Amino acid sequence: MADDFLELLVESREAATELGAAPSELRKRGILAIADAIEAQIDEIVAANCEDLERGRATGLAENLQDRLKLDAARVQGLADAARDLAQLPDPIGDVLREFTTDDGLRIAQVRVPFGVIGAIYEARPNVTVDIACICIGTGNAIVTRGGSAAESTNRVLVGLMQRALESVGLPAKSVQTIDPFGREGAGRLMTARGYVDLLVPRGSASLIERVVTESTVPVIETGSGIVHVYVDGSADLEMAREVVLNAKTHRTSVCNAMETVLVDRAIAETAVPMLLAVLVGAGVTMRSDGVEGTESLPDTGWATEYLAMESGIRIVDGVDAAIDHINAFGTHHTDSIVAEDAGVVSRFLQRVDSAVVMHNASTRFTDGGVFGFGAEVGISTQKSHARGPMGLPELTSTKWIVRGDGHVRA
């Protein structure tokens, strides 16, 4: 197994060298070929996904993970559509970020280049298999995926069709590979494959991300869990607040940009809290707090809970500063929103909340690569180095300096 694993990584490295040198138009053709292959094999993909779902139900897979795992015909078509959108975006490879000429005529430029080999570890999210593969092809990176046992059948079909699609246009099939057959041991080896893998991106539960960040010797872009807040200020339009909060919580509960806690300014709590409880409970949401009438108690994890279900916390706070303090203390620096009309309060919130995406009068569900114009996304980075927020094509590039001289020597 060890030799087979190493051979796979060597093949990925070789594919990355060829892919990184491929013309932009050829890489775009590769993405379009993947989109066509996905569209042509919707039935096969859905059938494989049904196998995974059936196995997941039998083994007690959590409902929120079942929702993430599910690929019906519409979701598969969405993957193909997103790939086509991605192929239309500008290619960042070769972009000149800055350039200058020294006094003695030395020409220096900083340009975007591929990382090389990207590793991705995630769970029960077969859509990620396609999204991240297409973004990697678009940026000249080879991708090695660990999609987890829950989606093993679906990922096997997806990786196979993507490899054939790339080969059909003259790109290396090994640009997309999976280490799923190597199980948990493979995931551990991928984390320590320094020298073979240039960057690792984890997506999934807080425990998965923590494991990757803690154990990896390969550089990691941390995509965080989503303890996401909406703060309803005393100056808010309450009708707007009701719609924003309802959408942020119930539009799709299993995703990382779904609201987990609503904070309400004490100045309007007497009116706003009953209204919000009525609409959320009426939609089937179990509301939790540390003493608000009409709610259940908080779980053991308190305010630091990512429910990913029809559950939400609600807390009354003393104005915007208390809301900011709560978010910065208990949030995961993902997405947080304020509903307010007071310009000064809004400005204070947007400046002082330390999250990758901060919103005003908008549902947190808009934090998404497609909404942001990326076609697809690698994930939502909650760290501050290299990339932050939704990651698209530019975020999967590095840079190098190119220096041109004419026999220059340094005095």
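Two strands are said to pair if DSSP finds at least two bridges between them. In this predicted model, that criterion links S3 with S6, which pair in the parallel sense over five bridges, and within this pairing Tyr-122 stands opposite Arg-203 in S6.

**S3 and its partners**

- S3 is also joined to strand S4, residues 142–146, by five bridges, and these two strands run parallel; here Ile-121 stands opposite Arg-146 in S4.
- Together with helix H6, the strands S3 and S4 make a right-handed β-α-β unit.
- Because six of the six residues of S3 are buried, the strand is largely enclosed by the rest of the structure.
- Val-117, Gly-119 and Ile-121 point one way from S3, whereas Ile-118, Ala-120 and Tyr-122 point the other way, and all are buried.

**Nonpolar cores**

- The largest nonpolar core has 51 residues, and those with the most contacts inside it are Ile-38, Ile-45, Ile-143, Leu-161 and Val-176.
- At least two residues of this core come from each of several elements, among them helix H2 (24–40), helix H3 (42–58), helix H5 (73–87), helix H7 (152–168), strand S3 (117–122) and strand S6 (199–203), while H6 gives the most, with eight residues.
- If neighbours within four places in sequence are left aside, Ile-143 is in contact with Ile-118, Gly-119, Ala-120, Ile-132, Ala-133, Cys-136, Ser-175, Val-176 and Gln-177.
- A second, separate core of 24 residues includes Ala-248, Val-273, Val-285 and Val-292.

**Cysteines**

- A search of the whole structure finds zero disulfides.
- Cys-136 is in no disulfide, and the nearest cysteine sulfur, that of Cys-134, is 9.5 Å away, whereas the cut-off for a disulfide is a pair of cysteine sulfur atoms within 2.5 Å.
- Cys-136 counts as buried because its relative accessibility is 0%, while Cys-50, at 42% relative accessibility, counts as partly exposed.

**Annotated region**

- Over residues 9–278 the chain is 52% helix and 17% strand, and the end C-alpha atoms are 54 Å apart.

**Strands S9, S10 and S11**

- Strand S9, residues 286–289, is joined by three bridges to strand S11, residues 311–317, and the two run parallel; in S11, the bridge partner of Met-287 is Ser-312.
- S9 also pairs in the parallel sense with strand S10, residues 296–297, over two bridges, and in S10 the bridge partner of Arg-288 is Glu-296.

**Residues with a positive phi**

- Most residues other than glycine have a negative phi.
- Leu-308, although it is not a glycine, has a positive phi of about 50°; this residue lies in the loop between S10 and S11, and it counts as buried because its relative accessible area of 11% is under 20%.
- His-386 is likewise not a glycine and has a positive phi, of about 65°, and it lies in the loop between strand S14 (380–381) and strand S15 (389–390).

Conventions. Residues are numbered from 1 along each chain as its sequence is written. This is a predicted model: local features need pLDDT of at least 70, side-chain atom pairs count only at pLDDT 80 or more; totals for chains, interfaces and linings use all residues. Side-chain values use heavy atoms; hydrogens and water are left out. A nonpolar core is a set of buried Ala, Val, Leu, Ile, Met, Phe, Trp, Tyr and Cys residues joined through side-chain atoms within 4.5 Å. Buried means under 20% relative accessible area, exposed over 50%, partly exposed in between (1.4 Å probe, protein chains only). Helices (H or I, at least four residues) and strands (E, at least two) are DSSP runs, numbered from the N terminus. Contact means heavy atoms within 4.5 Å. A crossover is right-handed if, with the strands pointing away from the viewer, the path from the first strand over the helix to the second runs clockwise.
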